Amino acid sequence: MHYFTPRRCAATSKIMYHDRAKAQQAADRSMVERNVLLWVYRCDYCGSWHLTSHEPGSYQRMRTASRALKPHSRKRGYKPRRR
Ligand SMILES: [Zn+2]
C-alpha cells in the first residue's frame, strides 16, 4: 500500500501544504473527523501553507491588548526610582 508522508516545515514542524485549497481540505476534514476548527495561513519561512488552531484575528487582538496594558499600569502611579 502506498502511503503519502507529508513534508514538514523546518521552522514550525507543521505539515506543508502546496496550495491553499489542499490546506483548506485538511482543515475541513479535521472539523468533520475531530471537531477541531483550524485556520489556514501562509508560512513566512517555507512559503507553503499550514494549519493553525488559533484564529489569526484573535491572536492579533491578544497582542494589541497586552500592549495596551503597559501605559495603563503607568497611569496607576508606577514610577521607576532613581538614586
Ligand atoms: Zn512553514
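Predicted model: local features only at pLDDT ≥ 70, side-chain atom pairs only at ≥ 80, totals over all residues.
Trainee: Where does Leu37 lie?

Mentor: Leu37 is in the loop between α1 (20-33) and β1 (39-42).

Trainee: Why is Leu37 called partly exposed?

Mentor: The relative accessible area of Leu37 is 49%. Buried means under 20% and exposed over 50%, so Leu37, at 49%, is partly exposed.

Trainee: What makes His50 count as buried?

Mentor: The relative accessibility of His50 is 0%. The cut-off for buried is under 20%, therefore His50 counts as buried. His50 belongs to strand β2 (residues 49-52).

Trainee: Which residues does His50 touch, not counting residues up to four places away in sequence?

Mentor: Among them are Cys9, Lys14, Ile15, Tyr17, Trp39 and Tyr41. Thr12 is also one of the residues touched.

Trainee: What makes the pair His50 and Thr12 a polar contact?

Mentor: Their side chains are joined at 3.5 Å. The definition asks for N or O atoms within 3.5 Å, one able to donate a hydrogen and the other to accept it, so the pair of His50 and Thr12 qualifies.

Trainee: What phi do Ser13 and Asn35 have?

Mentor: Ser13, in the segment before α1, has a positive phi of about 55°. Asn35, in the loop between α1 and β1, has a positive phi of about 60°. Most residues other than glycine have a negative phi.

Trainee: Why is Asn35 called exposed?

Mentor: Asn35 has a relative accessible area of 60%. Exposed means over 50%, so Asn35 is exposed.

Methods. Residues numbered from 1 in each chain as written. Heavy atoms only, no water. Helix = DSSP H or I, 4+ residues; strand = E, 2+ residues; numbered from the N terminus. Buried < 20%, exposed > 50% of the residue type's maximum accessible area, 1.4 Å probe, protein only. Contact = heavy atoms within 4.5 Å.
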